[in-house]
Amino acid sequence: MSRSGLSPARRRKKTRLYLVVGGLSFLALAVGLVLAGFRDNIVFFFGPTEVAAGKVAADQKFRLGGLVKDGSVARPGAGDGTVFFTVTDNAADVKVRFAGLLPDLFREGQGIVALGALNGEGVFVAQEVLAKHDENYMPAEAVEAMKRAGTWKHEGEPAAEGGYAPAAD
Amino acid sequence: MIAELGHFALALAAAVALIQSVVPMIGAARQDGAMMAVAAPAALVQFGVLGLSFAALVYAYVTSDFSVVNVIQNSHSLKPLLYKVSGTWGNHEGSLLLWVTVLALFGALVAAFGRNLPPSLKARTLSVQALITLGFLAFMLLTSNPFERAFPSPIEGTDLNPLLQDPGLAFHPPMLYVGYVGLSIVFSFAVAALIEGKVDAAWARWVRPWTLLAWVFLTAGIALGSWWAYYELGWGGFWYWDPVENASFMPWLAATALLHSAIVVEKRDTLKSWTILLAIVAFGFSLIGTFLVRSGVLTSVHAFASDPDRGIFILLLLVVAIGGSLALYAWRAPQLKGGGLFRPISREGALVLNNLLLSAAAATVFIGTLYPLFLEVLTGEKISVGPPYFNMTFTPIMGVLVIALGIGAMMPWKRGDLSGVVRRLTAASVFTAVMLGVAAILYWERSALAVLGMGAAAWLAAATVAQLWLRARPSARISVADGFRRMVDLPRAAWGMTVAHFGVAVLIFGVAGASMLTQETIAAGKPGDSFIVGDYTFALTKVERVPGPNYMAERGTFLVTDAESGAEIATLAGERRRYVAGGEETTEAGIQSDLGGDLYAVLGQPTDDGEWTLRLYRKPFVPWLWIGSCLLVLGGLLSLTDRRLRVGAPTRSGASDPRAPAQSAQPAE
């Protein structure tokens, strides 16, 4: 056992030292990765009013939330399946272009959240469009956008979680 | 009447839980045999009563009893029977009822099969378990009664969200819950051991099968959920790093770490206090996951505030359970005696490395999931942390883990010889180099990361096989035929480890292919049009209307041919379904699978001029994901059937027979 000539107590201390050093170095690794990950991948949220006020630079990636304006959805069917629609907070509008499949619950008048960036002409080019999986549900970001624009009226209404209706009481 | 019976049973269960949590704990402190003996029958009664309550809710769903609010909100008389049953747990109240029922089930299992447990440990474990049950029962009775009546009652329900009406998702929640809640019994064991002040090899042997059981179900549940997302959501992804997914993934990472550290406690009687901490953390993650999913904070911190009773209650439960156990840990853990010594280069060292990496991975997922919540609460700033963050932090940690795993599994206990182990991995290294070369030739242009992932998979697969083989035939003096015979005779736990590690390799291969080599075409077209996706041509042949039991579908038929030769490969049918009850739409992707990958076609919304939006994919190696997950589950089950790990088998004699995964340097006998 004690080939190295150390007493068990000292060897135990040594083992513990290895463990602590190992643990700390992994902690450092994890913290480094987390910081690097956060620096490059945090995406801020803006509502249409803030976009209209010029708070977001072109090509800056952000999340846009709001309601899909009634009658704004157009699918010209130009062969690539591009969809155009307008996101509104009932105060300002932002035109959105999206090439892809919209989620099943995407409707005019419903709340959505889109991830993307503005192009040079002020059109929001979306990479991703999300609508949560419940008819009653208004995405938190859409509500936030209307609150920031001062057009939100349904304060206090219980927001349901995706897939679950709110309790009836 | 049946609903009232269910509600009554729930209240009765709370009373039983109160007795079960108080009496045996006092009994154990006083070493009073009669008081301790209350625990086991109470646990059995508890499970019986909660089972009855759960059955009452299932009955209300099956008979479409629309006088119960819960049934109105989540069921419809036209719904197929399977989804009537699965509707029981497809909602807040019902899923909580399933939670506590499973909690009681695990208590009952310990009561029934833990005959060899020392009476005081058993009494304390069951008492802690009952305390958790009591907390959840109080939560249900006070804020979330599944049996609430509606008056006047409507004639028809509002239907279960159609996305949830799917066989994959019918079984996903119960599986996941058995996993989540299975960790509760490990937690109870850990807390009981802290109160006892004694953790030894026998304790680890009692705890390991339960951890393994929970882990198996957790793995299966996560895999089912991922499979469901892949074919049901129509986005062709299998993992989105969504907070709800992360909520199930964090306990899985912690349970995986626990599974490995418990081996060290069992074999070498060391790392005890760390293992106890992991057991607390693993169940803590389960509770946090439940909190995140159930309280509504994920949708928004405002949603949390709008239903404060529920949120605050779960938060309170969380604080008491995790805070209390950690405080107990801080108080008692220093008294646990450290055991066997080991060098950093040894199997213990390798398992410590495994634990550090898994914990670091769990920590990055935890921070990424919760940081936006904290920031919003503190500053009101709304940010989101997307998949790129997780890919960037999680993937490198897993990369290191996989490389280390190949080497670590070969290490002998106590003191290892790195160069010797590396020598024994020559064949595996050569295999890896060859596979890396092949993958680079085929895929370097498309994704260098995919090539690296495939290399990692090849390395892990080869090292795992080599480990098993060298264990069966440690020296050239043993003939190859004898080696095979001895390999077959290796303990089931050794096979379990090999199968599970091999499963990880297969899974990594699938992830590399499916996430990095996917080819995708988004287009608009009408019947008669065709589109090129990688080496394939997808032709939309027709779109027709098809009625379903409770929906109408538009079905697009796609003919897939080889882009070069024109040879016919597959016919896919993708559907858009519109549900009668709520008018919701869902997408059913048309998928054709083989080992080489999936062909995946989605029929999207119609465009203004009568065409259809289409999403077409070639996703290489997707089935490897599911095969890898199955191997993980199979590995866990194999280990569970090992004679020495069988639930209830071990006694506190502490005979340290060489057990899997044992010294690779010595013959297995």
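At what angle do the axes of helix α15 (residues 387-408) of chain B and helix α18 (residues 448-472) of chain B cross? The crossing is at roughly 25°, and the axes come within 8 Å. Axes are lines fitted to C-alpha atoms, for helices over the stretch in contact, with angles running from 0 to 180 degrees between N-to-C directions. The angle makes α15(B) roughly parallel to α18(B). Angles under 35 degrees count as roughly parallel, over 145 as roughly antiparallel, 65 to 115 as roughly perpendicular and the rest as oblique. Helices (H or I, at least four residues) and strands (E, at least two) are DSSP runs, numbered from the N terminus.

The model is predicted: local features need pLDDT of at least 70, side-chain atom pairs count only at pLDDT 80 or more, and totals for chains, interfaces and linings use all residues. Residues are numbered from 1 along each chain as its sequence is written, while chains are lettered from A and ligands numbered from 1 in the order in which they are written.

The crossing of α15(B) and α18(B) is left-handed. A crossing has this hand if the near helix is turned anticlockwise from the far one by less than a right angle, and is right-handed if clockwise. From α15(B), B:G399, B:V402, B:I403, B:L405 and B:G406 make the contact. Their partners in α18(B) are B:A456, B:W459, B:L460 and B:A463. Residues are in contact if their C-beta atoms, placed from the backbone, lie within 7 Å. Seven of the contact residues are nonpolar, two are polar and none is charged. Here Ala, Val, Leu, Ile, Met, Phe, Trp, Tyr, Cys and Pro count as nonpolar, Asp, Glu, Lys and Arg as charged, and the others, Gly among them, as polar.

Helix α18(B) also packs with helix α17 (residues 426-443) of chain B. Their axes come within 8 Å and cross at roughly 155°. The two are therefore roughly antiparallel. This crossing is right-handed. The residues of α17(B) in the contact include B:F431, B:M435 and B:Y443. Those of α18(B) include B:W459 and B:A463. The contact divides into 16 nonpolar, two polar and no charged residues.

A further pair is helix α6 (residues 92-113) and helix α8 (residues 167-196) of chain B. The axes come within 9 Å and cross at roughly 50°. α6(B) and α8(B) are therefore oblique to each other. α6(B) passes α8(B) in a right-handed crossing. Among the residues that meet are B:W99 and B:F106 in α6(B) and B:P173, B:P174 and B:Y177 in α8(B). Twelve are nonpolar, three are polar and none is charged.

Chain B is divided into domain 1 (1-165), domain 2 (167-336 + 345-389), domain 3 (425-516 + 625-645) and domain 4 (520-620). The bounds come from an automatic or database domain assignment. The C-alpha centres of domain 1 and domain 3 lie 41 Å apart.

Chain B also holds an open sheet of five strands, in the order β3-β4-β5-β6-β7, with antiparallel pairing. Its edge strands are β3 (530-533) and β7 (585-588), each pairing on one side only. The twist averages 25° from one strand to the next. Strands pair if DSSP finds at least two bridges between them. β5 (residues 551-562) and β6 (residues 568-579) share eleven bridges. There, B:A553 stands opposite B:R577. β6(B) and β7(B) pair over four bridges, with B:R576 opposite B:T587. These two strands form a hairpin with five residues between them. In its turn, B:G583 has a positive phi of about 75°.

Note on methods:
Contact = placed C-beta atoms within 7 Å.
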